[in-house]
Amino acid sequence: MDTTKTTPNIPIIYEDNHLLVIDKPSGLLSQEDHTGEPDVLNLCKQYIKKKYNKPGDVFLGLVHRLDRPVSGVMVLARTSKAASRLSYQIRKRTINKTYWALVEGQAPVFGEFVHFLKKDSRTNVVKAYKSPKGDAKESRLKFISIKQSAKFTVVEVDLITGRPHQIRVQFAKEGHPLWGDHKYGNPDKRGNQNIALRSVKMELEHPTKKELMIFKAPKPKGRPWNMFEY
């Protein structure tokens with residue numbers, strides 16, 4: 001697998017004239033913030049600028065984000081046309097996103113969660129409600145359980161809507177916070193800095209070829225996923 005050869009290094013899943021699809025490492029920002037720490041957008045711009053010897057500023061469209069602690073498939077647009085068409089697909093909810101999460105407790109074999117989520121921009125915390133409340137937005141996901149132990153369950157999640165922190169908040173609301181999620185669950189006692197959530201697949205229509213594209217990230221490895229074999 002090719003990589004961006006940056007610091008940190010980012011694996012590349014797919015690349016053409018219109019798309020750059022990466023396997024985002026956990027702990028890496030999607031977009032720069034006040035911290036000034038490395039982020040996906042700037043690192044990938046550096047990669048394109050160097051690889052293709054491009055002068056001046058490089059265009060790269062950030063059409064969706066992954067939370068900093070989340071890893072996996074992330075799609076960026078290399079042209080404004082691709083950015084516009086991908087953004088349209090996101091608004092129309094025709095892009096399918098699949099995640100794996102390791103949650104606390106024994107989750108149901110399969111299910112669907114419907115909550116109403118509201119984000120507090122001041123604290124960057126999202127609250128979930130069982131019924132409509134004010135301007136809280138309806139949020140839906142479906143899941144199946146892949147592996148289960150006495151204390152944890154690996155679930156495969158199909159995200160129907162795309163709200164900030166959605167998977168984390170909804171599973172926590174149902175009593176199954178994600179492993180290592182300090183914000184919405186119980187802090188990991190051993191000081192883990194990431195959470196067990198990985199974007200494993202995205203399905204979308206190519207912005208110019210109009211073909212169905214399916215992008216997959218390798219199955220998660222290492223702690224805590226190595227508690228299970230799959």
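Guide: Two strands count as paired if DSSP finds at least two bridges between them. Strands are DSSP runs of E, at least two residues long, numbered from the N terminus. The model is predicted, so local features need pLDDT of at least 70 and side-chain atom pairs pLDDT 80 or more, while totals for chains, interfaces and linings use all residues. Residues are numbered from 1 along each chain as its sequence is written, and side-chain values use heavy atoms, without hydrogens or water.

Visitor: How many bridges link strand 5 and strand 9?
Guide: Strand 9 covers residues 152–159 and runs antiparallel to strand 5. Within this pair, Val103 stands opposite Thr153. The bridges between strands 5 and 9 number eight.

Visitor: Which residue in strand 10 is the bridge partner of Ala101?
Guide: Strand 10 spans residues 197–205. With strand 5 it forms an antiparallel pair over six bridges. The partner of Ala101 is Leu197.

Visitor: How many residues of strand 5 are buried?
Guide: Buried means under 20% relative accessible area, exposed over 50%, partly exposed in between (1.4 Å probe, protein chains only). Strand 5 runs over residues 96–104 and is mostly covered. Of its nine residues, the buried ones number seven.

Visitor: Is Gly134 buried or exposed?
Guide: Gly134 sits in the loop between strand 7 (125–129) and strand 8 (137–148). Its relative accessible area is 81%. That is over 50%, so Gly134 is exposed.

Visitor: What is the phi of Lys210?
Guide: Most residues other than glycine have a negative phi. Lys210, in the loop between strand 10 and strand 11, is not a glycine, yet its phi is positive. The value is about 65 degrees.

Technical notes
Helix = DSSP H or I, 4+ residues; strand = E, 2+ residues; numbered from the N terminus.
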